[in-house]
Amino acid sequence: MNKLAFPILAVLADGKFHSGETLAQRFGVTRATVYNAIQSVASLGITVFSVRGRGYRLPKAVTLLDADAVVHACGEYAPWFHVQVLAQVDSTNRYLMQESARGVAHGTCVAAHIQTAGRGRRGRSWLSQLGGSLTFSVLWRFQCGAAGLSGLSLVVGLALVRALHTLGLTDVQLKWPNDLLVQHQGQWHKLGGILIELQGDMEGPSAAVIGIGLNLDIAPEMRLNIDQPVLGLNSLSAQPLDPNLLLGRCLSQLVMHLNQFAEQGFAHFQTEWTTHHAFHQQPVNLLLANGQSIPGKVLGVAEEGSLLVETATGQQRFNAGEISVRSAA
């Protein structure tokens, strides 16, 4: 990204017109330099209106992430985190996995204004947009090995649901193993997802990079590139969510849940997680990686987090990473 691109975006975030001359004076550069920076922004898929005689502006005002505001929103849990806000990165998970290998501190949180190659589960892409998404990753170190982290993604999902509930978004539910959903106009819509990547030995210690993407607003052109119904959290709220407050609430809940998970595992959360599962006791189709579809009825989740389903051949147990779930209702 052009070095001047994000500083200019920060000025345009108010949604008002700013002339090229004003921007050039502000940053001590020429108008041609400002123009080139705007072109760099446009190359990232960010729309900037340019009107002769008035200047440049974004389609609407955008609240940008601010590390100090996020830390403030964490309240009493702020000391647990080291928050970084990047202007642009390909993937916050990839970046933090790299930093983790270099020994970055437990509790490091990396958020990005612009993520150009976000990753989802099973190799899918995660699409995001400036001001329309909240994408961040958290590094959490555990004394146990990877084998002891079964059910971690479910616990993270529960932490996010609790965070959203504190903001009044009480209709948000979970889809096993790692999605957030809401029912809208008779159909389930995806609000966000979780991707966890692990480092370390099987016997421990281990480190988890917990990647989280939440939709705030879905632009019509982006909706065309997503293969399932999606919705932004702002559509569930009376007023647009402040991403700094939202991130702070998510981090606060993650502290509580991850610490308890480290001591007691998923079994401690099993009952509550089930109460928030959108498809509990519902008919579903289990889509296997090989394309096979198995119809069944969700019975619940086991103590280690696997999904229990009644199928034509009896009760079966499915683990994260093997299947996707679609409602058959």
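This note sets out points on the fold, surface and nonpolar cores of a predicted model.

1. Secondary structure. The protein chain contains 9 helices and 16 strands.

2. Overall dimensions. Along the principal axes, the C-alpha atoms of the protein chain occupy a box of roughly 70 × 45 × 35 Å.

3. Burial and contact range. Buried residues make up 51% of the 329 in the protein chain. When contacts between residues at least 6 apart in sequence are considered, 66% of them join residues at least 24 apart.

4. The largest nonpolar core. This core has 66 residues, of which F136, L246 and L251 touch the most other members. Helix α6, spanning residues 152–166, supplies the largest share of this core, with 10 residues. Apart from this core lies another, of 22 residues, including A37, Y56, V62 and L64.

5. The surroundings of L251. Once neighbours within four places in sequence are set aside, L251 is in contact with V70, C74, F81, V83, C109, F136 and V138. One of these partners, F136, is listed with L251 among the residues that touch the most other members of the largest nonpolar core.

Terms used: Residues are numbered from 1 along each chain as its sequence is written. This is a predicted model: local features need pLDDT of at least 70, side-chain atom pairs count only at pLDDT 80 or more; totals for chains, interfaces and linings use all residues. Side-chain values use heavy atoms; hydrogens and water are left out. Helices (H or I, at least four residues) and strands (E, at least two) are DSSP runs, numbered from the N terminus. Buried means under 20% relative accessible area, exposed over 50%, partly exposed in between (1.4 Å probe, protein chains only). Contact means heavy atoms within 4.5 Å. A nonpolar core is a set of buried Ala, Val, Leu, Ile, Met, Phe, Trp, Tyr and Cys residues joined through side-chain atoms within 4.5 Å.
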